[in-house]
Amino acid sequence: MGLRWDLMWKVLPSHLEGAIVTIKLTAFSVFMGIILGTLLGMGRLSRRPVVRTLSGAYVDFFRGTPLLVQIFVVYMGLPQLGLRLSNWAAALTALSLNSGAYVAEIVRAGIESIDRGQVEAARSLGMTGSQTMQFVVLPQAFRRIVPPLGNEFIALLKDSSLVAVISLEELLRKGQINVTRFYRPFEIYIQIAVIYLIMTKSISFLVSRIERRMKLDEHSLAS
Amino acid sequence: MKKLNRLAIILTVVLFFGASGLGFAQEVLKVATDATFPPFESVDPDTDECVGFDIDLIKAIGVEMGAEVEILNTAWDGILPGLINGNYDIVIAAMTITEERLMAVDFSEPYFNASQVLVVRKDDDRIKGLDDLTGMVAAVQIGTTGDLEASEIKSLKRVARFNYFPEAFMELQNKSADVAIVDLQVALDYMKNNPEGAKIVGEPFTQEQYGIAIRKGRKELLDQVNQALAAVVEKGIYDEIYTKYFGVN
């Protein structure tokens, strides 16, 4: 059985359309995830037990249950409680909430990785707790957070394919539709895989550029 | 040890070719279906077995062929690729014979006349027929005739394609879709179980025939299935099954 190259060209435009949807989904969800995750990550280290417990429970729930289940709950479950979201809104909500939990752990690890001595030094210089966080801990933590954040971005881009099940036509769904039209899964899914690969490689390229830039900053500060 | 190794290799080779269908002996007929499409095929929650019109029919055909029927519940979007790959022998899944599908697989003689209908929520009076679909969202199962038809209706705002038909009905009930497009019998079965929820509007708007799909190049199997199907009809077994699921013939 030969490959049908003509089919590869035929399905490409619809797959690129799907890829754009995938990029939109991922970019928005990562953005929301970073905001949510930073708050939750700091919440995990809060002095107040209530904040700590709640942030911990949130992270546990969203990291401990499958994203696919979360998508179904948001899209198919919530309408029963009177909250009906469009498939876009449901997809963005589920992906953002899920990403927030993973980013929270990254942020927490980043903050905890800063040597305690630095906090003690800052405090003995007369800085307040929040000044210490803002001027000493977070700038250094941020540098360490970037690489795992890049990984999270890549993971979310791949996981965004799960929203195919709620009829959102992102990259994978476009492929599934084409398979039910042309019955040539190999050509179609390989093409989909290559498009995903191009997207994830682009992200890792961007992330490594940012990392390098920040390393340079560090050197210029030191000298 | 050497002997054992050789034996293992021989066994592997035999199993491999056996599994790939070269050694197909007519005793077991592997049948794929997508059991989310009652009354044609669904999973009986009490027994976990596949049941339905198609299942009864293919079992009757199996008896005629002298073959044991093994039912494999398979997702719809991969059901024909799986047949083409040789994962099973035939597909019986309320599948309409279309020109596109005929390019990929062979079909038995038609065994059921079907058509697509519009299903809306009971309290919704906006849609009376195909002309009222402008700006509406249609829920369908991916790759079904309903999907193919809906994809041709350009006035629709969007076609929401789901993996399984019950999800499309849920979409309708959740008011995320305005209309579901599905085979008449499936719509009737759904309404029987949810009399409050939905109604059929307009006339059935396609004329279709279901066929049993068989991989291209398996002429012998195709002939056997056709002969068995003819015998099942002749002996009145088909009518019995029909009456069981659809009442009056």
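Mentor: Before we start, a nonpolar core here is a set of buried Ala, Val, Leu, Ile, Met, Phe, Trp, Tyr and Cys residues joined through C-beta atoms within 7 Å. Keep in mind that this is a predicted model.

Trainee: OK. Which residues touch the most other members in the largest nonpolar core?

Mentor: B:Ile90, B:Val91, B:Ala138, B:Ala180 and B:Ala213 do, in a core of 111 residues. Helix α4 of chain A, residues 87-112, gives the most to this core, with twelve residues.

Trainee: And where does this core lie relative to domain 1 and domain 2 of chain B?

Mentor: Between them, because both domain 1 (26-113 + 210-246) and domain 2 (116-206) of chain B give residues to the core. As a general point, nonpolar side chains tend to be buried together in soluble globular proteins.

Trainee: Take B:Ala180. What is it in contact with, leaving aside neighbours within four places in sequence?

Mentor: B:Ala180 is in contact with B:Val119, B:Ala139, B:Val140, B:Ala168, B:Phe169 and B:Leu172.

Trainee: Back to the domains. How far apart are the C-alpha centres of domain 1 and domain 2 of chain B?

Mentor: Those centres lie 25 Å apart. The contact takes eleven residues from domain 1 of chain B and twelve residues from domain 2 of chain B. On the domain 1 side, eight residues are nonpolar, two are polar and one is charged.

Trainee: What about the chains? How many residues does the contact take from chain A and from chain B?

Mentor: Chain A puts in 13 residues and chain B 16 residues. On the side of chain A that touches chain B, helix α7 (residues 171-182) of chain A gives the most, with five residues. That side divides into seven nonpolar, four polar and two charged residues.

Trainee: Switching to secondary structure, how many helices and strands does chain B have?

Mentor: Nine helices and 15 strands. Of the 249 residues of chain B, 41% count as buried. Among contacts in chain B between residues at least 6 apart in sequence, 69% join residues at least 24 apart.

Trainee: Then there's the open sheet of three strands in chain B. What is its order?

Mentor: The order is β2-β3-β4 (chain B), with antiparallel pairing. β2 (36-37) and β4 (50-51) of chain B are the edge strands, each pairing on one side only.

Trainee: How many bridges join β2(B) to β3 of chain B?

Mentor: Two, and the strands run antiparallel; β3 of chain B covers residues 41-43. B:Phe37 has B:Glu41 in β3(B) as its bridge partner.

Methods:
Residues numbered from 1 in each chain as written. Chains lettered and ligands numbered in written order. Predicted model: local features only at pLDDT ≥ 70, side-chain atom pairs only at ≥ 80, totals over all residues. Contact = placed C-beta atoms within 7 Å. Helix = DSSP H or I, 4+ residues; strand = E, 2+ residues; numbered from the N terminus. Nonpolar A, V, L, I, M, F, W, Y, C, P; charged D, E, K, R; others polar. Buried ≥ 20, exposed ≤ 12 C-beta atoms within 10 Å, placed from the backbone. Pairing = 2+ DSSP bridges. Domains from an automatic or database assignment.
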